[in-house]
Amino acid sequence: MQQTDSRSSSGSSSAPTPTNQPDSSQNNTNTSKVARRALEEQLNELIQVLFELSVMVYDFQPDGNQLVWNKINSILEHYQTIDGLKDNIDTHIPEEVIKYE
């Protein structure tokens, strides 16, 4: 009986290990995908805010000073959010892509 018990305990202890590993990697993949989508959304919003700022600066009115500062603060918030999202991204982006000249 002890042999049967040891087989069943060894069988049950080895079964959860393979099951846990794919779930863990799948969760990491899902987390990365969610982070990439969030990053993409933040980048799109940042581009929009930068465009709006450029229009405001081009057509600058003296009474629009507070609006410009609000846009600049919005840009800073987007950069902070993007900085927080970078840790969940597992994709490597070459420096040459970022250093577009």
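Accessible area here comes from the Shrake-Rupley method with a 1.4 Å probe. The exercises below use a predicted model.

**Exercise 1. The chain as a whole**

Task: State how much accessible surface the chain has, and what share of it belongs to carbon and sulfur atoms. Then describe the secondary structure and the share of buried residues.

Solution: 
- Step 1. The accessible surface of the chain is about 8400 Å². Carbon and sulfur atoms account for 55% of that surface.
- Step 2. Count the elements. There are four helices and zero strands. In sequence order the pattern reads α-α-α-α.
- Step 3. Turn to burial. The chain has 101 residues, and 15% of them are buried.
- Step 4. Check the range of contacts. Take contacts between residues at least 6 apart in sequence: 72% of these join residues at least 24 apart.

**Exercise 2. The largest nonpolar core**

Task: List the residues of the largest nonpolar core and find which helix supplies the largest share.

Solution: 
- Step 1. The core holds ten residues. They are Ala-35, Leu-39, Leu-46, Val-49, Leu-53, Val-68, Ile-75, Ile-82, Leu-85 and Ile-89.
- Step 2. The largest share is from α2, with five residues.
- Step 3. Look at one member, Val-68. Setting aside neighbours within four places in sequence, Val-68 contacts Leu-53, Met-56 and Phe-60. Leu-53 is itself on the core list.

**Exercise 3. Gln-42 and its partners**

Task: Decide whether Gln-42 is buried or exposed, and find the side chain that makes a polar contact with Gln-42.

Solution: 
- Step 1. Gln-42 sits in helix α2, which spans residues 16-58.
- Step 2. Apply the cut-off. Buried means under 20% relative accessible area. Gln-42 has 15% relative accessibility, so Gln-42 counts as buried.
- Step 3. Find the polar partner. The side chains of Gln-42 and His-78 are joined by a polar contact of 2.8 Å.
- Step 4. Residues up to four places away in sequence are not counted. Gln-42 then touches His-78, Thr-81, Ile-82 and Leu-85. Ile-82 and Leu-85 also belong to the largest nonpolar core.
- Step 5. Compare with Glu-41, another residue of helix α2. Glu-41 has a relative accessible area of 47% and is partly exposed. Glu-41 and Ile-82 are 41 residues apart in sequence, with their C-alpha atoms 9.8 Å apart.

**Exercise 4. Salt bridges**

Task: Find how many salt bridges the structure holds, and identify the pair that links distant parts of the chain.

Solution: 
- Step 1. The total is three salt bridges.
- Step 2. Start with Lys-71 and Glu-52. Their side chains meet at 2.3 Å, N to O. Lys-71 is in helix α3 and Glu-52 is in helix α2, 19 residues apart, so this pair links distant parts of the chain. Glu-52 is partly exposed at 26% relative accessible area.
- Step 3. Move to Lys-86. Lys-86 bridges to Asp-83, with the closest N and O atoms 3.5 Å apart. The side chains of Lys-86 and Asp-87 also form a salt bridge, at 3.2 Å.
- Step 4. Join the pieces. Asp-83, Lys-86 and Asp-87 are linked in a salt-bridge network.
- Step 5. Exposed means over 50% relative accessible area. Asp-87, at 60%, counts as exposed. Lys-86 is partly exposed at 46%, and Asp-83 is partly exposed at 43%.

**Exercise 5. A nonpolar surface patch**

Task: Name the residues of the nonpolar surface patch and give their accessible area together.

Solution: 
- Step 1. The patch is made of Leu-50, Leu-76 and Tyr-79. Together they have about 280 Å² of accessible area.
- Step 2. Locate two members. Leu-76 lies in helix α3, residues 65-85. Tyr-79 lies in helix α3 too.
- Step 3. Test the cut-off. A patch residue needs over 30% relative accessible area. Leu-76 has 46% and is partly exposed. Tyr-79 has 44% and is partly exposed.
- Step 4. Tyr-79 and Leu-43 are 36 residues apart in sequence, and their C-alpha atoms are 8.8 Å apart in space.

Technical notes
Residues are numbered from 1 along each chain as its sequence is written. This is a predicted model: local features need pLDDT of at least 70, side-chain atom pairs count only at pLDDT 80 or more; totals for chains, interfaces and linings use all residues. Side-chain values use heavy atoms; hydrogens and water are left out. Patches are made of residues with over 30% relative accessible area and no salt bridge: like charges are joined within 9 Å, nonpolar side chains (Val, Leu, Ile, Met, Phe, Trp, Tyr) within 5 Å. A salt bridge is a side-chain nitrogen of Lys or Arg within 4 Å of a carboxyl oxygen of Asp or Glu. Helices (H or I, at least four residues) and strands (E, at least two) are DSSP runs, numbered from the N terminus. Buried means under 20% relative accessible area, exposed over 50%, partly exposed in between (1.4 Å probe, protein chains only). A polar contact is a pair of N or O atoms within 3.5 Å; within protein, one must be able to donate a hydrogen and the other to accept it, and residues adjacent in sequence count only if both atoms are side-chain atoms. Contact means heavy atoms within 4.5 Å. A nonpolar core is a set of buried Ala, Val, Leu, Ile, Met, Phe, Trp, Tyr and Cys residues joined through side-chain atoms within 4.5 Å.
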